[in-house]
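Look over the sequence and the fold before reading on.

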Amino acid sequence: MSLKKAYLLIIAILLIDQISKIYIKTHFFIGESIKVMGLEWFQIHFIENEGMAWGAEIPGEHGKLILTLFRIVAVGGIAWWLWDSVEKKASSYLIVAIALIFTGALGNIIDSVFYGVIFNDSYQQLAVMFSEEPYGTWFHGQVVDMFYFPIIKDFPMPEWVPFIGGRPFTFFNAIFNVADVAISSGVGILIVFNKKAFHKGDA
C-alpha cells in the first residue's frame, strides 16, 4: 500500500471524525441524547472527557497538559512507524492498521489542543464555534464523544455475581467517537490478522 493511499485514508476518516464532533458540539448540550431510529440500544449521547480510555484522568494541575503532550509525542512515533512501514513495503494489513491508529489518536488530539479555545462550553446551551468566551485554553480542550450502544441496560444482576451483583448492569456502557473506532479497528486488525500484518510484501 502506498503512502498516498494511506494519506487519503487518514484524511477521509479525520474529516468524518471532526465533522461529526463539530456537529454534535454545535447541536447538542452536555448530557443530551437522542435515540437513533427510536432504538433504545443505539443512541447519540453527548459527553466530553479528558481523552483517556473510559474517561480516566491524570490527577494534578498539569495532568491534562501532560496527557496531551504525551499523546502528541506518541502520534509522532506512530507517524514515523507508518512512513517506515511503507518504505519497507510492509503488508497492507499493517499499513492500514497503523493509519487507523494514527488517525484516531490525531483526531482526539485535535480536540485536546484546539477545542478549548475554539468553543464556549456546552452546559445547558449549544456551543458556538470561534466563541469570544472559550471554555478553556490551548492544550486543555475536552474530547467530544457521542456514540452510545447500551445493548443491555439496567439489568438487575443477582446478588451472587462477583463485583457487580445486586446492582443494575449495562452492556455496552462506553460512549465513544469516530476516532476511537479508528483506533480500536487498527488494534483489532493487528490482533486478528497478526500473521498477515507482519508479513512482508503486499497482502
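The questions below go from confidence to sheet, core and aromatic rings.

Q: What is the mean pLDDT of the protein?
A: This is a predicted model, in which local features need pLDDT of at least 70, side-chain atom pairs count only at pLDDT 80 or more, and totals for chains, interfaces and linings use all residues. Residues are numbered from 1 along each chain as its sequence is written, and side-chain values use heavy atoms, with hydrogens and water left out. pLDDT is the predictor's confidence in each residue, from 0 to 100. In the protein, 93% of residues reach 70 or more, and the mean is 91.

Q: Where is confidence lowest, and where is it highest?
A: Helices (H or I, at least four residues) and strands (E, at least two) are DSSP runs, numbered from the N terminus. Confidence is lowest in strand S5 (residues 168-171), with a mean of 83. It is highest, at 98, in H1.

Q: What is the strand order of the open sheet?
A: Strands of a sheet pair through backbone hydrogen bonds, either parallel or antiparallel. Here two strands pair if DSSP finds at least two bridges between them. The sheet has four strands with antiparallel pairing, in the order S1-S2-S3-S6.

Q: Which strands stand at the edges of the sheet?
A: An edge strand here has a single partner strand, so one side of it is left without a neighbour in the sheet. Those strands are S1 (33-35) and S6 (175-176).

Q: How many bridges join S2 and S3?
A: S1 and S2 pair over three bridges, with Ile34 facing its bridge partner Ile44 in S2. In S3, the bridge partner of Glu48 is Val144. S2 and S3 pair in the antiparallel sense, and their bridges number five.

Q: Which residue of S6 is the bridge partner of Phe147?
A: Strand S3 (residues 143-148) pairs with S6 in the antiparallel sense over two bridges. The partner of Phe147 in S6 is Phe176.

Q: Why is strand S2 largely enclosed by the rest of the structure?
A: Buried means under 20% relative accessible area, exposed over 50%, and partly exposed in between (1.4 Å probe, protein chains only). Strand S2 (residues 43-49) is largely enclosed because, of its seven residues, the number buried is six.

Q: Is Gln18 buried or exposed?
A: Gln18 is found in helix H1. Contact means heavy atoms within 4.5 Å. Not counting residues up to four places away in sequence, Gln18 touches Gly107, Ile110, Asp111 and Tyr115. Its relative accessible area is 12%, so Gln18 is buried.

Q: How many residues apart in the chain are Phe42 and Phe149?
A: Rings of Phe, Tyr and Trp (its six-membered ring) pair if their centres lie within 6.5 Å; planes under 30 degrees apart count as stacked, over 60 as edge-to-face and the rest as tilted. The whole structure has nine aromatic pairs. Phe42 and Phe149 form a stacked one, at 4.7 Å centre to centre with 15° between the planes. Phe42 is in the loop between S1 and S2, Phe149 is in the loop between S3 and strand S4 (152-156), and the separation in residues is 107.

Q: Why is the pair of Tyr93 and Phe193 tilted?
A: Tyr93 lies in helix H3 and Phe193 in the loop between H4 and H5, so the pair ties together parts that are 100 residues apart in sequence. The ring centres of Tyr93 and Phe193 are 5.1 Å apart. The pair is tilted because the planes stand at 35°.

Q: What is the relative accessible area of Phe193?
A: Phe193 is found in the loop between helix H4 (178-192) and helix H5 (194-197). Leaving aside its neighbours within four places in sequence, Phe193 is in contact with Tyr93 and Gly188. Phe193 is partly exposed, and its relative accessible area is 33%.
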